[in-house]
Amino acid sequence: MTHRAGYVNIIGRPNVGKSTLVNALLGEKLVIVNPKAQTTRHRIIGILNGDEYQLVLSDTPGILEPVYKLQESMMHAVDEALRDADVLIVMVELGETPDNSEELLRRARRFKGRTLVLINKVDLGDEERLNTAFDQWHDAFPDCTVLPISALHGLHVNELRAKLIDLLPPHPPYFPKDEMSDRDMRFFISEMIREKILSIYKQEIPYSAQVVVNSFEESPEIVKIQADVIVMRDSQKGIIIGKGGGALRQLGTEARKAIEKFVSNKVFLDLKVKVDEDWRGDDTKLRRYGY
Ligand SMILES: Nc1nc2c(ncn2[C@@H]2O[C@H](COP(=O)(O)OP(=O)(O)OP(=O)(O)O)[C@@H](O)[C@H]2O)c(=O)[nH]1
Ligand SMILES: [Mg+2]
């Protein structure tokens, strides 16, 4: 049999469940997920390997009107995913209408290949709402398949995976067949720490913070990690640390537990908090941090 491989790239507004779907299709938690919008900041590739196929999934940041430079870089990641997709998944959530998703429509319509429109979070509505959504999205994308799913509850995810594998063109693998992502361990560790920042801190803090893993030393007994949490202002540093260091301790403990699960080993995590003024508005700084 000929080998099949291709890029299935997922775009959609913030918080509709793109990253949840990537994890569900992979059958493993690779990318971070959070109820707050703008969780994903990069294009992240997740790879599903079979004997005769390689499904390359791209998770992307949610589509928005960029206000600061970091968000501009996030939209570049979306546009890059539009350029190399074999199959495009346009993900929307129940309740979202084509009228309030202009930016998404504009981008999706630029793509000329096979497009699937997924209506996610159908577990949150009844049949009537789903029918309305189905009609609206079908009208907006008359030539595309529209499918209802629940990425979180696994509804129609197996059927979708089979369909995507079916759509892959004949092609040799793009990545070594034992790889699950294009990103390295340090990236995923920094993301796990950022995920805890998203869940522990309120308001602007998660949007002003980023994480750099400076060292990662692995031995059979323990993994030693040193990472910096970088914020934009002194006042934010104070909030990250918290009264008597309590918030930072909580962050360190929760992040360490998540990383231990990921690396299946004991972890010693040393977290420092630093200020790098307006890092998310400065091109040079963004590049240095990998955006
Ligand atoms: N009820 C319900 N919630 C879901 C479903 N899929 C995802 N969610 C939730 O929606 C929230 C956002 O999920 P993410 O996967 O982080 O969304 P995203 O599109 O990657 O978001 P950004 O990275 O911010 O663009 C999380 O709280 C998920 O648990 C679903 O099928 N049903
Ligand atoms: Mg995401």
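How many residues does the hairpin that joins β2 to β3 run through? The hairpin joining β2 to β3 passes through 3 residues. Strands here are DSSP runs of E of at least two residues, and helices are runs of H or I of at least four, both numbered from the N terminus.

This is a predicted model, in which local features need pLDDT of at least 70 and side-chain atom pairs count only at pLDDT 80 or more, while totals for chains, interfaces and linings use all residues. Residues are numbered from 1 along each chain as its sequence is written, and chains are lettered from A and ligands numbered from 1 in the order in which they are written.

Strand β2 (residues 44-49) and strand β3 (residues 53-59) run antiparallel and are joined by 6 bridges; strands pair if DSSP finds at least two bridges between them. Ile47 has Val56 of β3 as its bridge partner.

Val56 is also one of the residues that touch the most other members of the largest nonpolar core, which has 69 residues. Such a core is a set of buried Ala, Val, Leu, Ile, Met, Phe, Trp, Tyr and Cys residues joined through C-beta atoms within 7 Å. A residue is buried if 20 or more other C-beta atoms, placed from the backbone, lie within 10 Å of its own, exposed if 12 or fewer, and partly exposed in between. The core draws at least three residues from each of domain 1 (4-167) and domain 2 (185-288). The domain bounds come from an automatic or database assignment.

The centres of the two domains, taken over C-alpha atoms, are 28 Å apart. In contact across them are 9 residues of domain 1 and 13 residues of domain 2, where contact means C-beta atoms, placed from the backbone, within 7 Å.

Among the 25 residues around ligand 1 (C-beta atom, placed from the backbone, within 6 Å), Gly17, Ser19, Thr40, Gly62 and Leu152 come nearest. Helix α1 (residues 18-26) supplies the largest share of this shell, 3 residues.

Phe216 lies in strand β7 (residues 210-218). Phe216 counts as partly exposed because it has 15 C-beta neighbours inside 10 Å. Leaving aside neighbours within four places in sequence, Phe216 is in contact with Met185, Arg186, Ile189, Val223 and Ile225.

Terms used:
Contact = placed C-beta atoms within 7 Å.
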